[in-house]
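Here is a short note to read beside the model. Please keep the 3D view open while going through the points.

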Amino acid sequence: MATFDEIHARSLSDPEGFWGEAAEAIHWSERWDKVLDDSEKPIWRWFRGGRLNTCYNCLDRHVKEGNGDRLALIYDSPVTDTVRRYSYAQLRDEVARLAGVLAARGVGRGDRVIIYMPMIPETAMAMLACARLGAIHSVVFGGFAANELATRIDDCSPKMVLSASCGIEGGRIVQYKPLLDAAIMMATHKPATCLVLQRPQERCELKEGRDEDWQAALEGAEPHDCVPVEATDPLYILYTSGTTGQPKGIVRDNGGHAVALKWSMKNVYGVEPGEVYWAASDVGWVVGHSYIVYAPLLAGNTTVLYEGKPVGTPDAGAFWRVIEQHGVTTLFTAPTAFRAIRQQDPEGKLIGDYDLSRFRALFLAGERCDPDTLEWAEKQLKVPVIDHWWQTETGWSIAANCLGIERLPVKSGSPTRPVPGWQLEVLDPDGRPLPRGQVGAIAGKLPLPPGTTPGIWNGRERFVKTYLSNFPGYYETGDAGYLDEDGYVFVMARTDDIINVAGHRLSTGAMEEVLAAHPDVAECAVIGIADRLKGQLPVGFLVLSAGVNRPHEAIVKECVAMVRDRIGPVAAFKTAIVVERLPKTRSGKILRRTMRSIADGEDYKLPATIDDPAILEEITASLGGAGIGGKAG
Ligand code: COA
Ligand code: AMP
């Protein structure tokens, strides 16, 4: 057996040989001409000339290979008291019929389809039905407001929108339809058809001429076969936060994605076909795309789609109940979920109520994993707990402890080593590699492995400028950290204004844009401060326009409501403080980092160029007044 070091070294010295071999595990209707095409440098394309269908590889091939009876998907919904199971053959049939519905409404290869749906099996079916037709789906997370949905509708101009009457958030019903109607009203582009699934928990009105009932459309629909597409054709667009309110449509291709994801199931997660794999995330995020839907199905696993929370549905034993009931071998979630469980069951007493004998490993990602949470999980579960680091842009992990290759020693606070295909460097602001142990910008040497994004929808220039220009020859991750003497990577913070709230990626810049639109706000800043449960929470600082003498509480309340209304509940923006001034450098730059350090109770260095140091005392006092000054948490 080759060691991790040998495999990693080969992936870098011979990427075409390495990924060409991995590609043999995928069914191609036409073989590629070139494994790695550099003709569009600095963007490399994988498997140029190859043709395949991702849905075929996820479903039909398993049925053809005699595994049609194997369980493909288990829908577990404590909030509706439902468990539903689909074999590979059943899921293939459902998806083929839904694809027939879409095709009959004119959706074909290259058309965009927005999916704005909760955590139900039909959402995964919708994604796979698009893939079956070669259409490009764009899933929008349910926690976003109508305005965010409208921005995405205008950016990718979908022919159709697939939605549902409602989602269920713990005990709360979230009506999707009013948000969808409002978004379409706001958007300039108008999708021709909205296919709406009526859930029994809350039905909605359908708009004549535009909306169609999902179930009615399925009755009488003809199943549609898989349409082979180019390996380089987009499979999906997933919008993620950038530094402004304008979200970035991260594009994923078909060929590289299928190859890398299938490879990762065995090599990163160490699972075998037929085993039950559970990513407790949301299909609206990249983790959900990759590890609830595509990777487990590509690899012939059983995936669990869970409509519930780690706590409160009904208690902090929910995860253990699912693991026991469905025989889960591997769980993937965000550290925040474990912090929530620990908060309610600090001794892990509920774990003892369940048989976890088939459970082999826990993978964590989505935010920095604090060593305390990792060690608690290890102690309670007595299985390897693997922190791994990745991003929407990369589609799968950048760094991990590859359980399927060789289990490396764990270092708390580190997602271990770059995975095969990734060569990381830590760079100084001029792009020079820094010595081991020194903190700088973490960058990946080009070309990146398959599965990573080839670009931003409608935005080649924006892509090159955002990710590939500051450090020529590298992909700029936007994360800062260091590599230690053993090559372990430590991811410490973002270099931009992105924050991570309960594993959800959010832009403070986008929140500032909303606050700045309040008529009484002259200037504002939003920072992410440390929070014991959610990792980070946004806090707004507001400077009011001269002459405004309304009560501060009223203005703060309006600002909080505005962020919820324009970005969505997921922003978790609940605190804002009115201040006299914001601390700035003499050149006018707001000292967000210093403010964050004050809020988190960390030592901070006063920049030499600050215009008025006294203001920091005011900020410290106002944070204390709001109950968040001093210590983190
Ligand atoms: N649709 C509508 N609203 C949603 C939503 C969705 N899909 N997802 C979240 N929201 C709402 C929540 O209900 C909450 O609303 P509230 O302000 O009215 O209470 C708000 O958005 C903030 O959500 P969240 O930050 O997730 O907080 P929470 O208190 O509901 O749950 C955790 C906290 C830790 C239990 C939860 O975030 C969690 O399980 N996270 C880990 C798993 C994960 O999904 N990670 C993502 C990447 S792996
Ligand atoms: P997203 O695109 O939503 O997956 O968020 C990606 C960002 O989350 C990364 O750029 C990091 O800032 C953060 N992140 C994800 N996983 C980890 C991890 N294991 N350790 C530290 N930060 C992480």
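How far is an oxygen atom of ligand 2 from an N or O atom in the side chain of Asp 479? The points below start there; note that the model is predicted.

1. The distance asked about is 2.6 Å, between an oxygen atom of ligand 2 and a side-chain N or O atom of Asp 479. The protein covers much of the ligand's surface: ligand 2 taken alone exposes 490 Å², and 94% of that is buried by the protein.

2. In the side chain of Thr 392, an N or O atom is 2.5 Å from an oxygen atom of ligand 2. With Gly 366 the backbone is involved: one of its N or O atoms lies 3.1 Å from a nitrogen atom of ligand 2.

3. There are 15 residues around ligand 2, and those that come nearest are His 388, Thr 392, Asp 479, Arg 494 and Arg 505. Sorted by type, the shell holds 6 charged, 5 polar and 4 nonpolar residues. Two strands, β21 (389-390) and β28 (489-494), each provide at least two residues of this shell.

4. Strand β28 also belongs to a sheet. This open sheet has 4 strands in the order β24-β25-β27-β28, with antiparallel pairing. At its edges are β24 (424-427) and β28, each of which pairs on one side only. On average, neighbouring strands of the sheet are turned by 50 degrees against each other, direction ignored.

5. Which strand does β28 pair with? The partner is β27 (residues 474-483), joined to β28 by 5 bridges, and the two run antiparallel.

6. A separate point concerns strand β6 (residues 112-116). Is this strand enclosed or open, and why? Buried here means under 20% relative accessible area. By that cut-off 5 of the 5 residues of β6 are buried, so the strand is largely enclosed by the rest of the structure. Arg 112, Ile 114 and Tyr 116 point one way from β6, while Val 113 and Ile 115 point the other way, and all are buried. A student may wish to note that Arg 112, one of the buried residues, counts as charged.

7. Strand β6 has a partner in β7 (residues 136-139): the two pair in the parallel sense over 4 bridges. Within this pairing, Val 113 has His 137 in β7 as its bridge partner. As background, strands of a sheet pair through backbone hydrogen bonds, and the pairing is either parallel or antiparallel.

Technical notes: Residues numbered from 1 in each chain as written. Chains lettered and ligands numbered in written order. Predicted model: local features only at pLDDT ≥ 70, side-chain atom pairs only at ≥ 80, totals over all residues. Heavy atoms only, no water. Near = heavy atom within 4 Å. Polar contact = N/O pair within 3.5 Å; in protein donor to acceptor, adjacent residues only side chain to side chain. Areas by Shrake-Rupley, 256 points an atom, 1.4 Å probe, with all protein chains shown as cover. Pairing = 2+ DSSP bridges. Axes fitted to C-alpha atoms, helices over the stretch in contact; angles between N-to-C directions. Buried < 20%, exposed > 50% of the residue type's maximum accessible area, 1.4 Å probe, protein only.
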